[in-house]
Protein chains: 2
Amino acid sequence: MLTQDKTQRNWKPIIKEFQAVLGKKGVIERREELITYECDGLSSYRQRPNVAVLPRTTEQVAAVVKICNKYSVPFIARGSGTGLSGGALPIEDCVLIVTSLMRQILNIDLDNQRVIVQPGVINNWVTQAVSGAGFYYAPDPSSQIICSIGGNVAENSGGVHCLKYGVTTNHILELKVVTPTGEIVNLGGQVPETPGYDLTGVFVGSEGTLGIATEITLRILKTPESICVLLADFTSVEAAGAAVSDIISAGIIPGGMEMMDNMSINAVEDVTALNVYPRDAVAILLVEIDGLEVEVKVNKQRVIDICKHNGARNVTSASDPEQRLKLWKGRKAAFAAAGHLSPDYYVQDGVIPRTQLPYVLKEIESLSEKSGYKIANVFHAGDGNLHPLILYDNSVEGALEKVEEVGGEILKLCVKVGGSISGEHGIGADKRCYMPNMFTKADLDTMQFVREVFNPKGLANPEKIFPTPRTCGEAARTVTENNQKFVGVDRY
Amino acid sequence: MLTQDKTQRNWKPIIKEFQAVLGKKGVIERREELITYECDGLSSYRQRPNVAVLPRTTEQVAAVVKICNKYSVPFIARGSGTGLSGGALPIEDCVLIVTSLMRQILNIDLDNQRVIVQPGVINNWVTQAVSGAGFYYAPDPSSQIICSIGGNVAENSGGVHCLKYGVTTNHILELKVVTPTGEIVNLGGQVPETPGYDLTGVFVGSEGTLGIATEITLRILKTPESICVLLADFTSVEAAGAAVSDIISAGIIPGGMEMMDNMSINAVEDVTALNVYPRDAVAILLVEIDGLEVEVKVNKQRVIDICKHNGARNVTSASDPEQRLKLWKGRKAAFAAAGHLSPDYYVQDGVIPRTQLPYVLKEIESLSEKSGYKIANVFHAGDGNLHPLILYDNSVEGALEKVEEVGGEILKLCVKVGGSISGEHGIGADKRCYMPNMFTKADLDTMQFVREVFNPKGLANPEKIFPTPRTCGEAARTVTENNQKFVGVDRY
């Protein structure tokens, strides 16, 4: 086969070494088999890796990383590939380390509420493994039936239940990590709050730039005695936003509090035919209340009263598991449903202080009008985490660039009102050009210095998180310290 | 006056520069005035600083730190000086940067549940400032009426309410920090979960080695509708420990759950004359239940039932604020009360998995018998955070060394059962020799590399957290990279 490797690297000895560690089946090198790995959930960027390896153990990951170091080959870890910011996107001339064979739950310690998993374990499996005993794992990204815990750690993933229970970083006790130089270290400990610097906290959300977590100790929680989901139906987004503020101000912390606008509601109803969301609502709120039965009963009534006080036309509730699941199913399908509204969509992820919700939504509306692109809104309303879905057609020349520009305007708006350019999807390849909007050069330099502590040769997931001098989206060359040339990703 | 400065440093020009920034009143150089600053809460170590400075603003702190850099003078930040691990202990030949004039609450934003404070603000003042509006600041060290928020950030302080609500790091949104080189940077942001590496998390608990926080944005919480404190009286420590486990296993997360043994109970009763704790109890549990009134009512009964099922002789409860305060007052006075049991006491701080409680308490008892030193136990039972108080007489030659040895054995025991050498008091000067019991050389090296990112000249709080080659407690010389000689602390 004709090699298209522009860097003229001789992969043969490298692959031979990988095979010695992983066997022939653990090393994927045929181009047609590598297609699977050329993008993650941010499908507008594609780049085929030169080789993908599938280790099964910490030692195998360490051996692979040591080989990468020996040959100065960049490597990128990939879990289920569902990330939305291109964190697992290959770069040209790289090895993809895929954790999909590392799917063992290594230990369940109910007494101490801890579960140890390999990184390829699917998020939802953790809850499934402990739910019989009355426990669950709280962080629940919409993709929880397919995304991996390793990916969740890399992106510090959130989810519907993170309003009350915190994002991934709040649920990680200890990590066994293969550092970018191939050493095996432990971060954190089996009890919360170990002394010294909180390197576990730095690692979680570092998007694979500080190494690969190969054993992850998760904190599990007791399943609440009672759960109730409310669906409130509003005739204006402002009214729904005001209800959100009032609920939080009343001291109620719902298990989850999500908002969907009319476009999202109808997209979901079109696709799922669930027939649960009112198609004529301008906005709906989904509010989950959990706790003791008596507590849920009281808080349910308080939330209903607050919603009605803010003009909700109707508030329905579901307590039995099947009905609750149905209400959430639409929300969890919202991104996929947007795909039916237009050939393509671009999910943005930004955070604003809750009090800025009405202002920001108005601004997004006017950005939509100005640009001519429809924007559907789905978001974690309780913590101000917006997910505008910008609808477009990628076959139209230049559309993606324009949409990215609109997305960028939304991020700048988030920063302007005191928010953040990412709530839970990470920075990855997609948003690094907006990092200077949020951080000073000194801030970014400090982070990069920390990266160099772990990742001195820059081999672990290069070209992610941190902006380079190049302008956003451009394919350009970056020369790293050790003169290894990396080429920017191609756009498809 | 004869200078005793062993390093022969000429302080005159340095002090002149400090005075130019802070005025004469902001610089303390007379030996008799410096006595106040020669130790913190770990009073068995003392070292007078050469000079103490009292800045009022971020810019003044930065200017002071820049002067320290110019003259390569080590500097140590100090809040209220209540820390128990010697984190604010001066070293010979150093400047103490005291934050006690930085006591302004800069901003209160109730809508977004945030308060911005200067580092010298006393922990309890935050709650006092927002309690009228129905809010409070959760982390509540026993010393909360005197300890400063800056110190809490440095030590990642805990407290009774941290079982349910998390320690300091969980309540910090943003930090304005003067780095060890005198730059002013912002870490984190006004919304939770900012992207990039979690440097806020690294800074909190870094004990002044990464810089000085000069503006701290705290998260405040809504005051619960109802609070009830239960006092359960047990005839064995094992029974009380089993009740703790059963309460957590039942899915109840109390606002706080504290255990005191017979010696502590009697010490407190002797000193406070509160007449609330049963003097013949082998152990008592204090359990605070908070939440909605209905929730508290149900959980209160559940906790009573669990305690009785585990052999509690009696369970009393207090719901009105005055009675509750009285029950907590004893617990908060426990350390001070230990001072009445013997001329001196040494507070240890370790963490164990909750399930190891009965085993560890037995081992502590046998350590006490073997060593001949009485040990009183007071602890945050809910999160396995032990505070054994080892009673001794410092006027007896060699007693402190022996007591430290016993304390060290307790820490090793904590590590052996999968716990930690510090729960909330930090490592400081006191425990750094035990860091290798918990961390590998690679782990510690990684932390030190991170330190060097922020603190390249090693001027910010040297000789803290990290063990040097010297054995524990010895006063020995350490040579830093830039050949600046630091001399170990003297023992008093």
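This is a predicted model: local features need pLDDT of at least 70, side-chain atom pairs count only at pLDDT 80 or more; totals for chains, interfaces and linings use all residues.
Residues are numbered from 1 along each chain as its sequence is written, chains are lettered from A and ligands numbered from 1 in the order in which they are written, and side-chain values use heavy atoms, with hydrogens and water left out.

**Entry 1: helix H9 of chain A**

I noted that helices (H or I, at least four residues) and strands (E, at least two) are DSSP runs, numbered from the N terminus. I also noted that buried means under 20% relative accessible area, exposed over 50%, and partly exposed in between, with a 1.4 Å probe and protein chains only. Just after H9(A), I came to Ala273(A), which takes a positive phi of about 50°.

**Entry 2: Ser226 of chain A**

I looked up Ser226(A) next, and found it in strand S13 (residues 226-234) of chain A. Ser226(A) counts as buried because its relative accessible area is 13%. Taking contact to mean heavy atoms within 4.5 Å, and not counting residues up to four places away in sequence, I saw that Ser226(A) touches Ile289(A), Asp290(A), Gly291(A), Leu292(A), Glu293(A) and Val296(A). Between Ser226(A) and Asp349(A), 123 residues apart in sequence, the C-alpha to C-alpha distance is 31 Å.

Which residues touch the most other members of the largest nonpolar core? A nonpolar core is a set of buried Ala, Val, Leu, Ile, Met, Phe, Trp, Tyr and Cys residues joined through side-chain atoms within 4.5 Å. The largest one has 76 residues, and Leu175(A) and Leu175(B) touch the most other members. Leaving aside neighbours within four places in sequence, I listed contacts of Leu175(A), among them Val153(A), Val185(A), Phe203(A) and Ile216(A). In soluble globular proteins, nonpolar side chains tend to be buried together.

I then turned to Val95(B), which has its place in strand S5 of chain B and is buried, with a relative accessible area of 0%. Beyond four places in sequence, the residues that Val95(B) touches include Trp11(B), Phe18(B), Cys68(B) and Phe75(B). The C-alpha atoms of Val95(B) and Ile28(B) are separated by 10.0 Å, and these residues are 67 residues apart along the chain.

**Entry 3: salt bridges**

A salt bridge is a side-chain nitrogen of Lys or Arg within 4 Å of a carboxyl oxygen of Asp or Glu, and by this rule the count over all chains comes to 34. In one of them, Arg9(B) pairs with Asp93(B), the closest N and O atoms being 2.8 Å apart. Arg9(B) lies in the segment before helix H1 (12-22) of chain B and Asp93(B) in the loop between strand S4 (75-78) and strand S5 (95-98), so the pair ties together parts that are 84 residues apart in sequence. I found both Arg9(B) and Asp93(B) buried.

In helix H16 (residues 441-454) of chain B, Asp445(B) and Lys441(B) sit four residues apart, about one turn of the helix, and they form a salt bridge with the closest N and O atoms 2.7 Å apart. Asp445(B) is partly exposed at 27% relative accessibility, whereas Lys441(B) is exposed at 61%.

**Entry 4: where the chains meet**

How many residues does each chain give to the contact? I wrote down 62 residues from chain A and 62 residues from chain B. Buried area is the accessible area (1.4 Å probe) that two parts lose on being put together, summed over both; here the area is about 4600 Å², and carbon and sulfur atoms give 66% of it. Across this interface I found zero salt bridges.
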